[in-house]
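Subject: Handover of a structure and findings

Dear colleague,

Please find below the structure that I am handing over to you. My findings follow directly after it.

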Amino acid sequence: MKNDWPGIVQYYREYLPILPQTVPVTLGEGGTPLVPLDRVVEKLGIRLRLYAKVDGQNPTGSFKDRGMTLAVTKARERGAKALICASTGNTSASAAAYGARAGLTVYVVIPEGKIAKGKLAQAVIHNAVVIQIQGLFDEALQVVRDISATHPVALVNSVNPDRLEGQKTVAFEICDVLGHEPNYHFLPVGNAGNITASWMGYREYKMSGKLRDLPRMVGVQAEGAAPIVRGHVVEKPETIASAIRIGNPASWQGALKAASESRGDIIALSDEKILEAYWMLAKEEGVFCEPASAASLAGVIEYARNGRFLSGDVVVCTLTGHGLKDPETALSTPHSEIRVPPGKEAVLRVLGF
Ligand code: AN7
């Protein structure tokens, strides 16, 4: 039964910077499913072992919970009374939930009108103080960095190293389940904390003798928000994948290092390709992720179409957030709305019987 899963801080405590007496602030995060994507593979027409690490199945519906459990655990241990973060939505949802659980005040600073509805609902229901700024995520991040440097509020963005320490556990779980490292790991890149953390996790697992080799890390940005690929800050980032609408990622160097050390890459793909992967996952595999998450699979599809894989490669893509976070994008999917009068006959006509 899944009930004996203690959360990532307890499960991987020997790999984490905590004290023997540290008591985790946990909601049972981690231990998320690694789901084979056989129907996608069939569509691609190549022989791959392709898996989705469905991190949208974390307690607040995104991978942020892995980092937040540790960041909030450590903040509480240090005596913090309040947390603050900037966010494109998921960090604020996670901070709000873990902050509530730890009995801390939570301040979240978000770009006005630019975060998905479900994420805003989470910050509100967990009683965070929601501050919408008339600007970008990048500006919000600068504000909270400045404030936390001079005022008694703990910063829980991924510039806090505890966040990355927690998030690295996704690599451990993938290897524990596969029994070895994958050949490739694809993931979306926004602020670039997750690719930095995942790469750190693989390297640490190899150093501790658990792995023989390391995967190639491939980070995927949206074309309209691809500062790392372009090599310069993007002043007005734009993409349907609002979670990764970031023009100046904090862990820019970490992402470059992960890509170059692993002989991987950072690539940019159009919103059309990201949405194609988003729909394919939902339609062919029954997996509903948010648009930003589908950038990882879009990267896999791009590599497959360009003949970049070898037959039999083991490929993992992280699906970073749950599809229900962003019902509005889901409902913008072309679909027919069928309305009928009550009664069996009209419904049967639709069924074609
Ligand atoms: C679903 O919540 O930056 O490259 O403020 O929500 O580690 O930033 C979210 C990022 C990918 C990118 N997928 O991860 C925030 C925030 C989803 C996300 C990313 C985010 P990073």
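Helices (H or I, at least four residues) and strands (E, at least two) are DSSP runs, numbered from the N terminus. On that basis, Lys 64 belongs to helix H3 (residues 64-77).

The model is predicted, so local features need pLDDT of at least 70 and side-chain atom pairs count only at pLDDT 80 or more, whereas totals for chains, interfaces and linings use all residues. Residues are numbered from 1 along each chain as its sequence is written, and side-chain values use heavy atoms, with hydrogens and water left out.

Annotated domain and lysine

The UniProt annotation "domain: Tryptophan synthase beta chain-like PALP", from an unreviewed entry, covers residues 25-321. UniProt positions are given in the numbering used here, feature names are shortened, and annotations may be inferred rather than shown by experiment. Residues 25-321 are 45% helix and 18% strand, and the end C-alpha atoms of this span lie 21 Å apart.

The unreviewed UniProt entry also lists Lys 64 for "modified residue: N6-(pyridoxal phosphate)lysine". Lys 64 counts as buried because its relative accessibility is 17%; buried means under 20% relative accessible area, exposed over 50%, and partly exposed in between (1.4 Å probe, protein chains only). Leaving aside neighbours within four places in sequence, Lys 64 is in contact (heavy atoms within 4.5 Å) with Asn 90, Thr 91, Ser 94, Arg 163 and Gln 167.

Binding-site residues

According to the unreviewed UniProt entry, the feature "binding site" is placed at Asn 90, Gly 190, Asn 191, Ala 192, Gly 193, Asn 194 and Thr 320. These positions are spread over 231 residues of sequence, yet they cluster in space, with a largest C-alpha distance of 14.0 Å. The lining of the largest cavity includes Asn 90, Gly 190, Asn 191, Ala 192, Gly 193, Asn 194 and Thr 320. On a 1 Å grid over the protein atoms alone, a cavity is a set of points where a 1.4 Å probe fits but cannot get out, and lining residues have an atom within 4 Å of a point.

Asn 191 is located in the loop between strand S7 (184-188) and helix H9 (193-207), and it counts as buried because its relative accessibility is 11%. Not counting residues up to four places away in sequence, Asn 191 touches Phe 137, Leu 141, Ser 158, Ile 246, Asn 248, Pro 249, Ala 250 and Ser 251. A polar atom of the Asn 191 side chain lies 2.8 Å from the backbone nitrogen of Ala 250.

Asn 194, in turn, is in helix H9 and is likewise buried, at 8% relative accessibility. Apart from neighbours within four places in sequence, Asn 194 is in contact with Phe 63, Gln 167, Leu 187, Thr 318 and Thr 320.

Surroundings of the ligand

Which residues come nearest to the ligand? Of the 23 residues around the ligand, they are Asn 90, Thr 91, Asn 191, Ala 192 and Thr 320; a residue is near a molecule if one of its heavy atoms lies within 4 Å of it. A backbone N or O atom of Thr 91 lies 2.7 Å from an oxygen atom of the ligand, and a backbone N or O atom of Gly 193 lies 3.2 Å from an oxygen atom of the ligand. For Thr 320, a polar side-chain atom lies 2.6 Å from a nitrogen atom of the ligand.

Salt bridges

The structure holds 17 salt bridges, each being a side-chain nitrogen of Lys or Arg within 4 Å of a carboxyl oxygen of Asp or Glu. Lys 273 and Glu 302 meet in one of them (3.1 Å, N to O). This pair links distant parts of the chain, 29 residues apart: Lys 273 in helix H12 (residues 271-285) and Glu 302 in helix H13 (residues 291-305). Lys 273 is partly exposed, at 33%, whereas Glu 302 counts as buried, at 19% relative accessibility.

The side chains of Glu 276 and Arg 305 also meet in a salt bridge (2.9 Å, N to O). Here too helix H12, holding Glu 276, is linked to helix H13, holding Arg 305, across 29 residues. Glu 276 is partly exposed, at 27% relative accessibility, and Arg 305 is exposed, at 52%.

Yours sincerely

Note on methods:
On a 1 Å grid over the protein atoms alone, a cavity is a set of points where a 1.4 Å probe fits but cannot get out, and a pocket is an open set with protein on both sides within 12 Å along at least five of seven lines; lining residues have an atom within 4 Å of a point. A polar contact is a pair of N or O atoms within 3.5 Å; within protein, one must be able to donate a hydrogen and the other to accept it, and residues adjacent in sequence count only if both atoms are side-chain atoms.
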